[in-house]
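Okay everyone, thanks for coming.

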Amino acid sequence: MATAGEESQTQAGRHQEYILETSVYPREPEPMKELREITAKHPWNIMTTSADEGQFLNMLLKLINAKNTMEIGVFTGYSLLATALALPDDGKILAMDINRENYELGLPVIQKAGVADKIDFREGPALPILDQLIEDGKQGAFDFIFVDADKDNYLNYHKRLIELVKVGGLIGYDNTLWNGSVVAPPDAPLRKYVRYYRDFVLELNKALAADPRIEICMLPVGDGITLCRRIS
């Protein structure tokens, strides 16, 4: 029987094959392709945003004419790059992650793409930064917010982000299908980390569905992304 570490390595290897061979994004900008291929060699490449989701985010941001955005959970910066390429020249992204090393892996590609000046990267936990933004009166300042971080804090993020996104703006929560486990029976055989975080994702999904301040749309893109449009 494979150990948890061996299973994780096997899954990461399969994911690497997928992100190297995919043709789902035939017009993928060269910098995004380069960063995707760099990320494929990372031992935790499974954490990256998928190519189809990167394409979706890039198009979505253009459709809503986003200018001031936020990203919680950056990893090597694939979704961050997709966002930066979609924003106008004076667009800005407040990007937060607890690991600067992973971000710096993709930073040379972001710099070469000419969009690094749009990014304000902050290393460390996001919650204190969000609290400071609220304290500083930044309510309604963001057009779009993308969250792909610690699932056990998603609800804590939502409590703050609903104040920071403008009315009519969007919040995107990633991994809301969580490997399909959100519809699996309670006794389904699941990997340990999938089972651990499943309850947090289920709790988020229920809370979003009941939140009268937003309209929601869950899409089966990547590992599931739930878009929340603030209406009040």
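Let's start with a pair of charged side chains: Lys166 and Asp143 form a salt bridge, and their closest N and O atoms are 3.1 Å apart. This pair links distant parts of the chain, since Lys166 sits in strand β5 and Asp143 in strand β4, 23 residues apart. Oh, and keep in mind that this is a predicted model.

So, are these two buried or exposed? Lys166 has 32% relative accessibility, so we call Lys166 partly exposed. Asp143 has a relative accessible area of 13%, and the cut-off for buried is under 20%, so Asp143 counts as buried.

β4 covers residues 142–147 and is joined to β5 by five bridges, with the two strands running parallel. To get from β4 to β5, the chain passes through helix α7, residues 154–164, and this β-α-β crossover is right-handed. If you want to find the pairing by eye, look for Val147, which stands opposite Tyr173 in β5.

Okay, back to the pairing itself. Glu71 stands opposite Phe146 in β4, and four bridges join β1 to β4, again parallel. β5 has another partner too: five bridges join β5 to strand β7, residues 225–230, and those two run antiparallel. There, Ile171 has Cys228 in β7 as its bridge partner.

How covered are these strands? In β4, six of the six residues are buried. In β5, residues 165–174, seven of the ten residues are buried, so β5 is largely enclosed by the rest of the structure.

**Over to the helices**

Helix α4, residues 78–86, is mostly covered, with eight of its nine residues buried. Among them are Tyr78, Leu80 and Leu81.

How many salt bridges does the structure hold? Eleven. As a reminder, side chains of opposite charge can pair when their charged atoms come close.

One of the salt bridges is between Glu34 and Lys112, with the closest N and O atoms 3.0 Å apart. Glu34 lies in helix α2 and Lys112 in helix α5, so this pair ties together parts that are 78 residues apart in sequence. Glu34 is partly exposed at a relative accessible area of 26%, while Lys112 is exposed at 60%.

Then there's Asp131 with Arg160, whose side chains meet at 2.6 Å, N to O. Asp131 belongs to helix α6 and Arg160 to our friend α7, and they are 29 residues apart. Asp131 is partly exposed, with a relative accessible area of 35%.

**One last stop, on the surface**

Finally, which residues form a nonpolar patch on the surface? Met59, Leu63 and Ile64 do, with about 300 Å² of accessible area together. Ile64 sits in the loop between α3 and β1, and at 31% relative accessibility it counts as partly exposed.

Technical notes
Residues numbered from 1 in each chain as written. Predicted model: local features only at pLDDT ≥ 70, side-chain atom pairs only at ≥ 80, totals over all residues. Heavy atoms only, no water. Buried < 20%, exposed > 50% of the residue type's maximum accessible area, 1.4 Å probe, protein only. Pairing = 2+ DSSP bridges. Right-handed = clockwise from strand over helix to strand, strands pointing away. Patch = residues over 30% accessible without salt bridge, like charges linked within 9 Å, V, L, I, M, F, W, Y side chains within 5 Å. Areas by Shrake-Rupley, 256 points an atom, 1.4 Å probe, with all protein chains shown as cover. Salt bridge = Lys/Arg side-chain N within 4 Å of Asp/Glu carboxyl O.
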